[in-house]
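Good morning. Please keep the sequence and the structure in view.

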Amino acid sequence: MAKQEPIERARDELFSHIHRCGVLDANAADQDVWMTETVEYLGERYPDLQVKDLVQLKAVGMQFCKPVISRLKRRNHTADPTETNSEALLGEPREA
């Protein structure tokens, strides 16, 4: 296995923190504050990272928090018969 670069290790650690801390369910403003603080922490853990690396890390982390299919859409989905196909894609049971 090849040795990872510091940016790759920091990215993997950031994704791990995102999953463990529940930030995915936070509102956008709280996600931004959390991400800023976490990236600052990672900058301390990985002193070889430059400012541009940290900016990139924050951008990747924020994008990671915005999934393609919204979790809120799954939870608050209304029963609209025109959305039968999207219900199947979201894993919700279809009406018979």
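A28 is exposed, with a relative accessible area of 53%. On the scale used here, buried means under 20% relative accessible area, exposed means over 50%, and partly exposed lies in between, with a 1.4 Å probe and protein chains only. A28 sits in helix α2.

A word on the source. This is a predicted model, in which local features need pLDDT of at least 70 and side-chain atom pairs count only at pLDDT 80 or more, while totals for chains, interfaces and linings use all residues. Residues are numbered from 1 along each chain as its sequence is written, and side-chain values use heavy atoms, with hydrogens and water left out.

Now the whole chain. How many helices and strands does the protein chain have? Five helices and zero strands, so from the N terminus on the elements read α-α-α-α-α, because helices (H or I, at least four residues) and strands (E, at least two) are DSSP runs, numbered from the N terminus. The chain has 96 residues, and 25% of them are buried. Its accessible surface is about 7,100 Å², and carbon and sulfur atoms hold 54% of that; such areas come from the Shrake-Rupley method with a 1.4 Å probe, and for residues only the protein chains shown count as cover.

Next, helix pairs. Two packed helices are described by the angle between their axes and the distance between the axes. Axes are lines fitted to C-alpha atoms, for helices over the stretch in contact, and angles run from 0 to 180 degrees between N-to-C directions.

At what angle do α2 and α3 pack? About 140 degrees, with the axes 10 Å apart. The residues that make this contact include A28, M35 and V39 of α2 and L54 and L57 of α3; contact means heavy atoms within 4.5 Å. By class, the α2 and α3 contact has seven nonpolar, four polar and two charged residues. Here Ala, Val, Leu, Ile, Met, Phe, Trp, Tyr, Cys and Pro count as nonpolar, Asp, Glu, Lys and Arg as charged, and the others, Gly among them, as polar.

α1 and α3 pack at about 35 degrees, with their axes 10 Å apart. Among the residues in that contact are L14, F15 and I18 of α1 and D53, V60 and F64 of α3. This contact has eight nonpolar, two polar and two charged residues.

Is D53 buried or exposed? D53, in helix α3, is buried, with a relative accessible area of 13%. The C-alpha atoms of D53 and P6 are 9.7 Å apart, although 47 residues separate them along the chain. E13, in helix α1, is also buried, at 15% relative accessible area. Leaving out residues up to four places away in sequence, E13 touches Y41, L42, R45 and Y46.

Last, the core. In soluble globular proteins, nonpolar side chains tend to be buried together. A nonpolar core is a set of buried Ala, Val, Leu, Ile, Met, Phe, Trp, Tyr and Cys residues joined through side-chain atoms within 4.5 Å. The largest one here has 14 residues, and L14, I18, W34 and M35 touch the most other members. α1 (6–21), α2 (28–45) and α3 (51–64) each supply at least two residues of this core. W34 touches L14, H17, I18, C21 and V23, again not counting residues up to four places away in sequence.
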